[in-house]
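User: Hi! Could you take me through this model, one question at a time?

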Amino acid sequence: PRSIHGVAAAIREAEHAASRVDRGQRHVDLNPQGAFVRRLQHQIAERYGLASSSAGREPRRHVVIASR
């Protein structure tokens, strides 16, 4: 995302996904993002105590949040 609103939406997506995994879902694939936003999404997963990884190739590279 190029705007602050796009970044905020990507952060909300990661927080929602982390909450879903925290409640028992095995993993959640997030929408593709640039490297900076993916780094923020990894930090959100870490804050929830969850695992995260990046998958795919640019421009479809995305974060996967999963239980540890």
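User: Which residues does His62 touch, not counting residues up to four places away in sequence?

Analyst: Happy to start there. This is a predicted model, in which local features need pLDDT of at least 70, side-chain atom pairs count only at pLDDT 80 or more, and totals for chains, interfaces and linings use all residues. Residues are numbered from 1 along each chain as its sequence is written, and side-chain values use heavy atoms, with hydrogens and water left out. With contact meaning heavy atoms within 4.5 Å, His62 touches Asp29, Leu30, Asn31, Pro32, Arg38, Ser53, Ser54 and Ala55.

User: Is His62 buried or exposed?

Analyst: His62 is found in strand β3, residues 62–66; strands (E, at least two residues) and helices (H or I, at least four) are DSSP runs, numbered from the N terminus. Buried means under 20% relative accessible area, exposed over 50% and partly exposed in between, using a 1.4 Å probe and protein chains only. Because its relative accessibility is 15%, His62 counts as buried.

User: Which side chain joins that of His62 in a polar contact of 3.1 Å?

Analyst: A polar contact is a pair of N or O atoms within 3.5 Å; within protein, one must be able to donate a hydrogen and the other to accept it, and residues adjacent in sequence count only if both atoms are side-chain atoms. The His62 side chain also reaches the backbone oxygen of Arg60 at 3.1 Å. The side-chain partner is Asp29.

User: What is the order of the strands in the open sheet?

Analyst: Two strands pair if DSSP finds at least two bridges between them, and β2 and β3 are joined by five, running antiparallel. The edge strands are β1 (27–29) and β2, each pairing on one side only. The pairing in this sheet of three strands is antiparallel, and the order is β1-β3-β2.

User: Which residue does a cis peptide bond join to Glu58?

Analyst: Most peptide bonds are trans. Here omega is about 5 degrees.
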